[in-house]
Amino acid sequence: MSEAATPTFDFDPHIYKDADVVKGLQEKLATLADEIGRPVKLMHICGTHEHEMGRFALRDLIPESVEVLAGPGCPVCVCDNEYINMAIQLSLLDDVIVTSFGDMLAVPGSIPLEGERRGDVRMSLLDARAQGGDVRAVYSAFDAAQIARDNPDKEVVFFSVGFETTVVAVAAMLKRGAPDNLSIIEANYYTPPATHLLPELDGFDIEGFILPGHAVTITGLRVYEHLAEQGIACASGGFEPVDVLASIASLLEQLRDDKAIIDNPYSRLVKYDGNEKARSELHEVFELGPIRWRGIAEIPESGYKLRPEYQKYSAARKFAGRLDQRALAGAEHPKGCRCAEVTLGQIRPDECGVFGKLCTPDAPYGPCMVSHEGTCRAWYLYGMHKEKLNVEVA
Amino acid sequence: MSKSPEGDTPVAESTSTRSSAVSRYASVRLAHGSGGKLSLELIQDLFVSTFGGNELAELTDAAVVANPGGRVAFCTDSHTVTPTFFPGGDIGRLAVAGTVNDLAVMGAKPTYLTAAFLIEEGYDMDELERVVRSMKATADEAGVAIVAGDTKVLERGKGDGLFINTAGVGFIPDGVDLGPSRIEAGDKILVNGTLGDHGIAVMSRREGLAMGASLESDVAPLNGLIEQVMAVAPNVRFMRDVTRGGLAAVGNEVVLNQAWGLRIFDVAVPIHDIVEEYSEMLGIDPLLAANEGKVLMVVPDDESEAALGAMKAHPLGREAAIIGDIVKKPEGVALVETAYGSRRVLEMPIEEQLPRIC
Ligand code: SF4
């Protein structure tokens, strides 16, 4: 484990926000960047990381020669049209209640919104609700199960979107016995196979990955060994300012020393092997299969699908006869939306022509502007597209 | 007990579990808003008897009130909240305090209020009575009189429980002139206490979340506190009550198209421990959460310590703080400076705060 990555922590959580510790790390990063002596690109693959980078303006604290890009870390942004369209169609059925995390409600799918004046705008679950659909925001899969119990004469559909951290909760809920009138839309994504894809992209020049602190508590770090084997530095990353900077320090140290390992500076929560128990419960209910990442590609073994014995909870199966199958798939992103490139870290959000114009958080055009995990939204809200905010006092 | 034809049950005095039966009916019915006998009963027995005062008791078409002089500040606001009763307050207190605060932040002395009720048929009469009493108590606390009112009853299903509109009149003393145009670089920004309490308290009750220690809404009339501050800081430039959208909404509104910028130091912003914990858990930013008893003041540098002292001396300002300043550049931007000296834009509130996935 690297020395920079482990300032002596006690268990006071405020230490991870501590200004002196941050200052120490900031200096460490500056020294490392000097020692490396060339521009370096790093990537994180978690929406919460981008959010925290914005909230604490962490890019201000990182040396200019080090660029930290946002990669595919927003489950809402990569959720394929098919599932959004399915949720919308189901919500408009009289006997169906669609439950979803709040983040998903405003994401447009590909069904055109009639009578919309802004242009090529597609329907979201909020639009479906405005048209009379029964759409409810929930905090967890367990809330959805409760709604199903409270409404025995209705079908309740849970829009299950997210990475490991959310899918384990869904597995736990189904394993404990869910009501028969509950089903789920299977839109849960598994990130490691997507990171296999990244190095194959044209012009790929990322030298280090900050691994997503939430998801790796479950998957463990082993699943990213392929990156280290390809010479890409890796370090687990927590979410407090100290955590983020410590993982960047670890990556820079690896680059300075010309090595690529999987470091674990977030070891207070992450174990190299992850959480075996949670994984086995997860794999009792779900198995990995191919899934489409919106606007990117269908990636094998990257989607959690219900195992045969749990398929009675599959909304796609349960409602197969009542869904307009042809209307499910559609154009991947609205015309002009460059979310796929943003998600892959190929362009910055403000390089998209409609960023901040047609597409703003109050009237999102593409999915990356909707979710709190979305890169475009974080950039817009926290002003990351603006020039450095230099202050002049009176 | 006899049943009325519509099936609404008049409650016999002896069987009523209500604190004091202002009406023979356990719940509000359409006739209570019809202008007939039941309307009059409700107005006399509930509104007039609770709110008191000569103007209201006259039951004329308009209240005729004395004019103490000065420019008139005049405002209106409609209120709805789920749940109606929440930790630290209720819709009645909210409706009175909200309008009083709108007047007070203009530098006016709030004096007269009107109250209009839109009530859904079937609304519990006891609850209505509690709301009305709470309005009276809050009006007394603020030193304002409720001088006119109106009641409409909406058919069941056509309204969500209870809506209250309050309009208010206040008088601005000569020499008081507040507005964003008076703000200058170098001014200090003050708030009178912890931010986000109301939003988080209401949300916790609505979602049935256990909060460990108790957190209460800050809903309160602020005219007393404001008067106290203006006595020692006569050159206060600008005030705004911090309500929905929180500090972030006010900050972004004030700075729009101005030739100066607004800087908040995030470590200086008072946040209740529970609010911080809860916000972190749900990914909600306390700077965007609602308040109902907080005022943001922009005060010249040389009066800022006096203003802070006066705030802290008032029961509603014990945790007051100077949270930022007005800067020359960047112009027209509200920004947050972190403990590390890094800066971000103070994010604009977009929609109702919803918990995030991760
Ligand atoms: S700015 Fe909007 S349209 Fe452009 S990539 Fe981002 S989300 Fe898509």
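Predicted model: local features only at pLDDT ≥ 70, side-chain atom pairs only at ≥ 80, totals over all residues.
Trainee: How many disulfides does a search of the whole structure find?

Mentor: The search covers all chains. A disulfide needs two cysteine sulfur atoms within 2.5 Å. Cys74(A) and Cys77(A) meet that, with sulfur atoms 2.3 Å apart. The count over all chains is one.

Trainee: Is the disulfide of Cys74(A) and Cys77(A) right-handed or left-handed?

Mentor: Look at the torsion about the S-S bond. For Cys74(A) and Cys77(A) the torsion is about 75°, so the disulfide is right-handed.

Trainee: Is Cys74(A) buried or exposed, and what about Cys77(A)?

Mentor: Buried means under 20% relative accessible area. Cys74(A) has 5%. Cys77(A) has 3%. Cys74(A) is therefore buried, and Cys77(A) is likewise buried.

Trainee: Are Cys46(A) and Cys337(A) buried or exposed?

Mentor: Use the cut-off of under 20% again. Cys46(A) has a relative accessibility of 7%. Cys337(A) has 15%. So Cys46(A) counts as buried, and Cys337(A) also counts as buried.

Trainee: Now the chains. How many residues does the contact take from chain A, and how many from chain B?

Mentor: Contact means heavy atoms within 4.5 Å. Both chains give residues to it. Chain A gives 40 residues, and chain B gives 30 residues.

Trainee: What area is buried between chain A and chain B?

Mentor: Carbon and sulfur atoms give 62% of the buried area. The area itself is about 3300 Å².

Trainee: Which element gives the largest share of the side of chain A that touches chain B?

Mentor: Start with the elements that give two or more residues to that side. They are α1 (19-36), α2 (47-55), α7 (164-175) and α16 (375-381) of chain A. The largest share is four residues, and they come from α2(A).

Trainee: How do the residues of that side of chain A divide?

Mentor: Sort them into nonpolar, polar and charged. The polar residues number eleven, and the charged residues number eleven. The nonpolar residues number 18.

Trainee: How many residue pairs are in polar contact between chain A and chain B?

Mentor: Salt bridges between chain A and chain B come to zero. For polar contacts, both residues must be at pLDDT 80 or more. The count of such pairs is eight.

Trainee: Which side chain does a polar contact join to that of Asp103(A)?

Mentor: Asp103(A) sits in the loop between β3 (96-101) and α5 (125-130) of chain A. Asp103(A) has a relative accessible area of 4%, so it is buried. The polar contact spans 3.3 Å, and the partner is His372(A).

Definitions and conventions. Residues numbered from 1 in each chain as written. Chains lettered and ligands numbered in written order. Heavy atoms only, no water. Buried < 20%, exposed > 50% of the residue type's maximum accessible area, 1.4 Å probe, protein only. Buried area = accessible area lost by both parts, 1.4 Å probe. Salt bridge = Lys/Arg side-chain N within 4 Å of Asp/Glu carboxyl O. Polar contact = N/O pair within 3.5 Å; in protein donor to acceptor, adjacent residues only side chain to side chain. Nonpolar A, V, L, I, M, F, W, Y, C, P; charged D, E, K, R; others polar.
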